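This briefing covers side-chain contacts and surface charge in one protein model. Please keep the structure in view while reading.

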Amino acid sequence: MQKRTAAITSLGGYVPEYRLTNTELERMVDTTDEWIQTRTGIVERRILKGEGKGTSDLAMPAVLELCAKRGIEPAEIDCLIVTTVTPDMVFPATANIVCDRIGAKNAWGFDLEAACSGFLYGLSTGAMFIESGRYKKVVVVGADKMSSIIDYSDRSTCILFGDGAGAVLLEPNEEGYGVLDTILRSDGSGVQYLHMKAGGSLMPPSIDTVTRGYHYAYQEGKAVFKFAVTGMADVSYEIMERNGLTAADIAFLVPHQANKRIIDATSHRMGLADEKVMINIQRYGNTTSGTIPLCLWDWEKQLKKGDNLVKWAY
Ligand SMILES: CC(C)(COP(=O)(O)OP(=O)(O)OC[C@H]1O[C@@H](n2cnc3c(N)ncnc32)[C@H](O)[C@@H]1OP(=O)(O)O)[C@@H](O)C(=O)NCCC(=O)NCCS
């Protein structure tokens with residue numbers, strides 16, 4: 001009997017209307033459209049405007065679209081995982097807020113916090129729930145309102161990030177389609193290069209932490225860049241090799257969208273032609289947990305049953 005796998009059977013996505021362009025950023029910080037495009041590939045990013053709106057406002061429409069496309073009611077969802085570093089609140093989980101707001105009254109859910117790797121960790125976790133036979137419909141939503149933790153006076157980070165969400169529905173498959181293999185690793189040793197200092201138990205928020213800007217994302221771009229280029233190429237190669245796949249067998253690479261130069265370096269080392277690489281960073285910037293499902297959402301019409309996709313993030 002064929003092993004039970006977790007197949008992606010529907011997709012949804014959402015990006016807010018407001019476009020923060022490089023030209024607008026030129027008026028906010030000392031930067032240029034030329035610098036941003038050459039160093040990152042980004043032209044504009046979407047921003048969720050308006051009081052009282054959080055990550056659940058991004059996740060909700062993505063999940064509702066996914067349900068409508070599959071012809072199911074939210075009440076049929078068994079489990080919903082929101083991957084995010086910008087939850088509506090520290091608790092309760094944004095997943096629970098989303099479930100309540102869309103009427104997924106039979107689902108349990110939780111938030112998974114792993115920054116840009118979040119969606120892939122969520123996908124892998126959700127897939128295991130399906131493979132175990134325990135659940136039939138698991139939704140994984142990658143959603144981040146990055147604008148809520150970005151310092152718009154810091155030119156080295158504010159040009160990079162945007163808001164958005166993408167969602168996939170996982171269902172059991174017995175024909176061999178779905179999540180076939182994963183390599184997941186984590187390394188906490190680089191904490192000094194990418195973090196948010198305050199707001200956690202180590203440094204609870206205070207007037208002092210806010211004055212110092214410790215509630216914003218902090219990044220040392222060059223260090224992260226180096227780590228990403230070497231780590232991503234190695235792991236992409238490894239997963240192809242152990243599954244007996246060559247570049248010719250891959251329909252698309254679905255990379256985390258943090259910097260077009262990182263994507264290009266990795267895809268070239270994998271020997272993939274440019275048309276096999278999903279890139280939408282120019283339109284959305286880095287939406288953290290949202291990047292990979294938003295790529296799938298944008299490319300949906302070009303995907304066929306049985307296409308081999310390699311997804312990576314760091
Ligand atoms: C952030 C990033 C785009 C910066 O590009 P870079 O080529 O590494 O640039 P550097 O940080 O070395 O800065 C080069 C110069 O540009 C300047 N600079 C930084 N941001 C700038 C901006 N927005 N506009 C103009 N100049 C800028 C720097 O101050 C520096 O000037 P100096 O040489 O006079 O000191 C790049 O390092 C990167 O993408 N890193 C990885 C990010 C990532 O993947 N993050 C993961 C999050 S999930």
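Which residue forms a salt bridge with E65, and how far apart are the closest N and O atoms? The partner is K69, with the closest N and O atoms 2.8 Å apart. The model is predicted. It holds 16 salt bridges and 5 aromatic pairs.

**Salt bridge within a helix**

- E65 and K69 both lie in helix α3 (residues 55-70), 4 residues apart, so about one helical turn separates them.
- E65 is partly exposed, because its relative accessibility is 23%.
- K69 is partly exposed too, with a relative accessible area of 41%.
- A network of salt bridges links E65, K69 and E300.

- R4 and E174 meet through their side chains in a salt bridge of 3.7 Å, N to O.
- R4 sits in the segment before β1 (5-14) and E174 in the loop between β7 (163-173) and β8 (194-196), so this pair ties together parts 170 residues apart in sequence.
- R4 has a relative accessible area of 31% and is partly exposed.
- E174 counts as partly exposed at 43% relative accessibility.
- D234 and R269 form a salt bridge, their closest N and O atoms being 3.6 Å apart.
- This pair links distant parts of the chain: D234 is in helix α8 and R269 in helix α9 (residues 260-270), 35 residues apart.
- D234 is partly exposed at 46% relative accessible area, whereas R269 is exposed at 52%.
- The cut-off explains the two labels: exposed means over 50%.

- Among the aromatic pairs, W108 and F129 have ring centres 5.7 Å apart and planes at 50 degrees, so the pair is tilted.
- W108 lies in strand β5 (residues 108-112) and F129 in helix α5 (residues 118-131), so the contact ties together parts 21 residues apart in sequence.
- W108 is partly exposed, with a relative accessible area of 35%.
- W108 and Y135 also make a tilted pair, because their planes stand at 45 degrees, with ring centres 6.1 Å apart.
- That pair links distant parts of the chain: W108 is in strand β5, and Y135 is in the loop between α5 and β6 (138-145), 27 residues apart.
- One aromatic cluster is formed by W108, F110, F129 and Y135.

**Surface charge**

- A patch of positive charge on the surface gathers R39, K222, K226 and R261.
- K226 lies in helix α8 (residues 221-242).
- K226 counts as exposed, because its relative accessibility is 61%.

Conventions. Residues are numbered from 1 along each chain as its sequence is written. This is a predicted model: local features need pLDDT of at least 70, side-chain atom pairs count only at pLDDT 80 or more; totals for chains, interfaces and linings use all residues. Side-chain values use heavy atoms; hydrogens and water are left out. Patches are made of residues with over 30% relative accessible area and no salt bridge: like charges are joined within 9 Å, nonpolar side chains (Val, Leu, Ile, Met, Phe, Trp, Tyr) within 5 Å. Accessible areas come from the Shrake-Rupley method with a 1.4 Å probe; for residues, only the protein chains shown count as cover. A salt bridge is a side-chain nitrogen of Lys or Arg within 4 Å of a carboxyl oxygen of Asp or Glu. Lys and Arg count as positive and Asp and Glu as negative; His and the chain ends are not counted. The place of a charge is taken as NZ of Lys, CZ of Arg, CG of Asp or CD of Glu. Helices (H or I, at least four residues) and strands (E, at least two) are DSSP runs, numbered from the N terminus. Buried means under 20% relative accessible area, exposed over 50%, partly exposed in between (1.4 Å probe, protein chains only). Rings of Phe, Tyr and Trp (its six-membered ring) pair if their centres lie within 6.5 Å; planes under 30 degrees apart count as stacked, over 60 as edge-to-face and the rest as tilted.
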